[in-house]
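Student: I have a model open and want to learn how to read its features. Can we go through them one by one?

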Amino acid sequence: MYKTTEITSAEIASDNPVHQRLLFPYVEAAALVSGQVLEIGCGWGRGLELLTKAASHYTGVDKNEELIAGLRIEYPKSTFIAANIPPLSGLPDNTFDYIVTFQVIEHIENDDLFIKEAHRVLKPGGKLLLTTVNKTFSLTRNPWHVREYYADGLKALMAKYFQTVDTRGIHGNEKVMTYYEQNKESVKKLTRFDIFNLQYRLPRRLLQVPYDLMNRLNRNRLLQADGLAAEIDYTDYLVSKDPAGSLDFFYVATK
């Protein structure tokens, strides 16, 4: 199976800063969730050890049937559904205490229905925990993303269906931001050849494979530069009260 750099590995050393950045919200979520927990876009199960221990029952949904089949074997007490979403077909109204969906909404064509469906399957008083990248900090166009959000736009979308939206961010300490600046300079060196701005003009699908190749090359180069990429840990990330100034958004919406 072709593995995109979007499926960030815990095993590949050059993926480490991104893996730790994606692991951090699961650590935070594990301290918040309980009861019936649904994860939309569980992927290969980065946060399953944490979430399954916190929940009385865990349900994971993902479109990747191969990954879901493997997780069913690894976590037999949990429920796994292979489906393209939205909608959340087959899941009844008012079922879950918490929904976790991390770095998923940017891949969803119909983001309005995505939020509406999350609201539908939550119990009254239930909470949606959602992360996604902050477009302000994106270094180039990611052709795997349908769209990216600014802080106010994401809040407005979620507030269409949820009574309250607690807006937080996920940001990094000095070590993380040093790596970010190194990455920024490295990306500039690669994109300076795009004199016709093709990254924004060509269809997403045409750009996905070249983007992955350049992304892997860039991550490997940064790893070899000074070893900083290997040193970053999830504890180098933090929850911020300034979502607009953070690498990622971490929004908690209550039904």
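Student: Take strand pairing first. Which residue in β8 does T164 stand opposite?

Tutor: Read a pair of strands residue by residue across the gap. Here T164 stands opposite T254 in β8. This is a predicted model, so keep that in mind throughout.

Student: In which sense do β6 and β8 pair, and over how many bridges?

Tutor: Antiparallel, over seven bridges. Strand β6 covers residues 164–172.

Student: What is the strand order in the sheet?

Tutor: Eight strands run in the order β3-β2-β1-β4-β5-β8-β6-β7. The sheet is open, and its pairing is mixed. An edge strand pairs on one side only; here the edges are β3 (79–82) and β7 (237–240). Ignoring direction, neighbouring strands are turned by 20° against each other on average.

Student: Which strands do helices α3 and α5 touch?

Tutor: For packing, take contacts and then the angle between directions. Helix α3 (residues 65–74) packs on the sheet and touches β2 (57–62) and β3. The direction of α3 makes about 165° with that of β3. Helix α5 (residues 151–159) also packs on the sheet, with contacts to β5 (122–133), β6 and β8. The direction of α5 makes about 20° with that of β8.

Student: Now the rings. How many aromatic pairs does the count come to?

Tutor: Six. Look at centre distance, then the angle between planes. F102 and F250 are 6.0 Å apart centre to centre, with 90° between the planes. An angle over 60 degrees counts as edge-to-face, and that is the label for F102 and F250.

Student: What class is the F249 and Y251 pair?

Tutor: Tilted, because the planes are at 40°; the centres lie 5.5 Å apart. Both F249 and Y251 are buried.

Student: Which residues do ring pairs link into a cluster?

Tutor: Y26, F102 and F250. Y26 is also among the buried residues of α1. Others there include L22, L23, F24 and P25.

How values were computed. Residues are numbered from 1 along each chain as its sequence is written. This is a predicted model: local features need pLDDT of at least 70, side-chain atom pairs count only at pLDDT 80 or more; totals for chains, interfaces and linings use all residues. Side-chain values use heavy atoms; hydrogens and water are left out. Rings of Phe, Tyr and Trp (its six-membered ring) pair if their centres lie within 6.5 Å; planes under 30 degrees apart count as stacked, over 60 as edge-to-face and the rest as tilted. Buried means under 20% relative accessible area, exposed over 50%, partly exposed in between (1.4 Å probe, protein chains only). Helices (H or I, at least four residues) and strands (E, at least two) are DSSP runs, numbered from the N terminus. Two strands pair if DSSP finds at least two bridges between them. Axes are lines fitted to C-alpha atoms, for helices over the stretch in contact, and angles run from 0 to 180 degrees between N-to-C directions. Contact means heavy atoms within 4.5 Å.
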